[in-house]
Each structure stands twice: as structure tokens, then as C-alpha cells.
Amino acid sequence: MVLREIVAALGLDVLTGLASLDREVRGGYASDLMSDVLANAHEGDLWVTLQTHQNTVAVASMKALAGIVLVNARGPEDDTLARAKEEDLPLMVSPLPAFELIGRLYELGLRGTVT
Amino acid sequence: MNVLSADLHIHSCLSPCADRAMVPSAVIAVAAERGLDMIAICDHNSAENAAPFRRVGEAAGIVVIDGMEITSREEVHLLALFPDDASAAAMQDEVHAHLPGENDPEFFGEQWIVDDEDRLVGESPRLLIGATEFTLDEIVDRVHRHGGLVIASHIERPSYSLLGQLGFVPPDLDLDGLETCADAETAGADLPFVRSSDAHRLDEIGTGRTEFLLEEGTLAEIALALKAEGGRRIVRTR
């Protein structure tokens, strides 16, 4: 699934990375611990989190994730926004809580990796 | 006794997120210029640069405490302050044995180990920005066993702080204090508050500080001041 379709279907607010919305989203991962994402997320995953620190962008870039969705209408910190812009990483916001958002992503056909 | 002005949370060029200009001569010069008597070098999950900073500080009349900002498995930052190089090194060995991952400078930044002359003598290959496998309790216990103090970092921040990650200060966590790096509500807490800068750049040094009434600038004296014992105390934070 292409990121643009998810953005449209769920009405995500795209803060950065508009030029990268044609990325293929291969799966999803939800976590609020960076160390867990570093260890367990997969390339092409869409990352659902409430963390707004700039390290999220470094982690997403290093893991080649498709993008980050902040839940509960959380706003990123200024340096997070700047860094995401610099790396053209899609940073998006949903007003939904994580449980609801992930449920809707699942309904769209997105899956996580079960090992 | 003397009032000593301390900034107990300064990162060096070993922290991947810190400015490359955070080398001994520059940090000590700015600390002196800004009237600090005491600083602590607290890099993420490593104390490899503390000794050179301490020696350069000594020559300039500034006390440098060996420190480390340790990341718990809950991704809470805790400042650990040590009485000497040996205890810091011993705790560092434990941290490094429980710190997974390798740094990728392209994404997280470079991790410079320097000497007393600001020369680059090595780079840490570890993922210093990452989290240790230790729980909060384990970190507190281990640091105390090495004679150190543990202060919860920047508790007013949403990220990497005790309040941000857990939402409360666990009542049975044996902390020695709480740190703020900005104006924050501190009334009603059972633990002493210090204020520091969490400087990652030279111009941030001393922008948060704690004035202690101490006999001399040592960790043992700070420990007394945090407990308000022996006439030692925190005079003010700003």
C-alpha cells in the first residue's frame, strides 16, 4: 500500500515529507520505546507512536521506515520537525488514540510482522 | 563554608547529540567565564571523557565531577555522579556490558573520545544514544554500590524523563534528587531539586545551575547538601 492512500483514508495531517508520500508501506509497527523500534521494526513499516523527540526521526531513518504517525494529536518538538523536514521523512499526526488508529490501519489491510 | 555554583549536567563531544565543540578547553573556559565553580560531565551511557575534563578543570580551578547520563530500559535518563574516576569506570563497565547496539554516526552523530589537549584519541563504537537493559531500580542500586548519587534528569520534559515515561516518581525508587532544566513546579516533592543546563552546546553551559553551601567541591559534600545535613544545603537554583 502506498503511504498517500493511508494518509487520505485516515485523514492524517502530514507535517513533513510531502515528497515521500509515494513510498510503499510494507507493514506497521507500534511502540513508544526507541530501543524496541531499533530492535524490532522492519524496513518499510509505518511507525505509530506518541514519542515526539527528535531521536524518533533518526531511528526511523536508520531503520528505513516508511514514516511516523503521532497519535492523540501530539505535536512534535521543533527540532524533531526540522530534522524530519531535512530528511524528507513523512511525519504525520492523527487525532486518534493509538488503539483506534492501529485498528483502522489494520482494517485498511496493513499488517505487522509476527515472528 | 562557601557557596559554590554548579552545573551538574553537561555533555561532551562523546555524546552523539552534542556539539563537536564540547571539548575540554572550550567547556572549562566557558564554565569559568560564566562563574561556575563546579560542573559534571555526563555523557550518554559513558564516562570515557570525564577524566580529561576533570584534569583540565583542576588546572583552571574548576571542580569536574565524573558523571554519566544512564538510560534505563524504560528509556528514562538518570544522572549518575561518582566520587572518582575508578568508580565511574567500574559503573561504565557494567553499563557497556548491558548496552546493546552499535552507533551509526550518519543517523545519531559522532562519539569522540578526547584527551587533555582536546585531541581526538578514539571514537566509541557503542550505541550510546540507546537504552541499557537495566531497570530504574537496577541503575540506582548499581550506582549506589559504586558510591555514586542518582538524580532523575530533566523531569519536566516529555521525553526521556521519569515523569514523561512513567507519569510519576516511583515512591520506592531510592533517588538522591530530581533535576529540572527549566522553570518547573517543584513544590510538594519529597526529593531535593537541582537545576542544571543539560548543555549540548557551549552557549548552554551554566544556563541552569544550583548553588550549594559546601565545605569544599566534592561529591561527598553534594550528597550532604542534598540531604541538608551538616550545615550543607542547596542555597538556590536558577
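**View 1. B:Phe82 in its surroundings.** B:Phe82 counts as buried because it has 25 C-beta neighbours inside 10 Å; a residue is buried if 20 or more other C-beta atoms lie within 10 Å of its own, exposed if 12 or fewer, and partly exposed in between, with C-beta atoms placed from the backbone. The structure is a predicted model, in which local features need pLDDT of at least 70 and side-chain atom pairs count only at pLDDT 80 or more, while totals for chains, interfaces and linings use all residues. Residues are numbered from 1 along each chain as its sequence is written, chains are lettered from A and ligands numbered from 1 in the order in which they are written. B:Phe82 belongs to strand E4 (residues 77–82) of chain B; helices (H or I, at least four residues) and strands (E, at least two) are DSSP runs, numbered from the N terminus. Leaving aside neighbours within four places in sequence, the contacts of B:Phe82 include B:Asp66, B:Met91, B:His146 and B:Leu219, a contact being two C-beta atoms, placed from the backbone, within 7 Å. From B:Phe82 to B:His144 the C-alpha distance is 9.2 Å, at a sequence separation of 62 residues.

**View 2. The open sheet of chain B.** The sheet has 9 strands in the order E9-E8-E7-E4-E3-E2-E1-E10-E11, with mixed pairing; two strands pair if DSSP finds at least two bridges between them. Strand E9 (193–195) and strand E11 (233–237) of chain B stand at the edges with a single partner strand each, so one side of each is left without a neighbour in the sheet. The twist averages 30° from one strand to the next; axes are lines fitted to C-alpha atoms, for helices over the stretch in contact, and angles run from 0 to 180 degrees between N-to-C directions. Strand E10 (residues 210–214) of chain B runs antiparallel to E11(B), joined by 4 bridges, and B:Leu213 has B:Arg233 as its bridge partner in E11(B). Helix H3 (residues 85–97) of chain B packs on the sheet, touching strand E3 (63–71) and E4 of chain B, at about 15° to the direction of E3(B). Helix H5 (residues 136–145) of chain B lies across E3, E4 and strand E7 (149–152), at about 145° to E7(B).

View 3. B:Val114 lies in strand E5 (residues 112–114) of chain B and counts as buried, with 22 C-beta neighbours inside 10 Å. Not counting residues up to four places away in sequence, B:Val114 touches residues including B:Cys13, B:Pro52 and B:Leu120. E5(B) and strand E6 (residues 120–123) of chain B run antiparallel, joined by 3 bridges, and B:Trp112 has B:Glu123 as its bridge partner in E6(B). There are 5 residues between the two strands of this hairpin, where B:Asp118 takes a positive phi near 65°.

**View 4. Helix H4 of chain A.** In H4 (residues 78–87) of chain A the buried residues are A:Thr80, A:Arg83 and A:Ala84. They cover an arc of only 100° around the axis, which puts them on the same side of H4(A); the arc is that of the directions from the helix axis to the C-beta atoms. A:Asp78 and A:Glu86 are exposed on the other side of H4(A). The buried residues pack against strand E1 (13–16), helix H3 (55–62) and strand E5 (91–93) of chain A. After H4(A) comes A:Asp88, with a positive phi near 55°.
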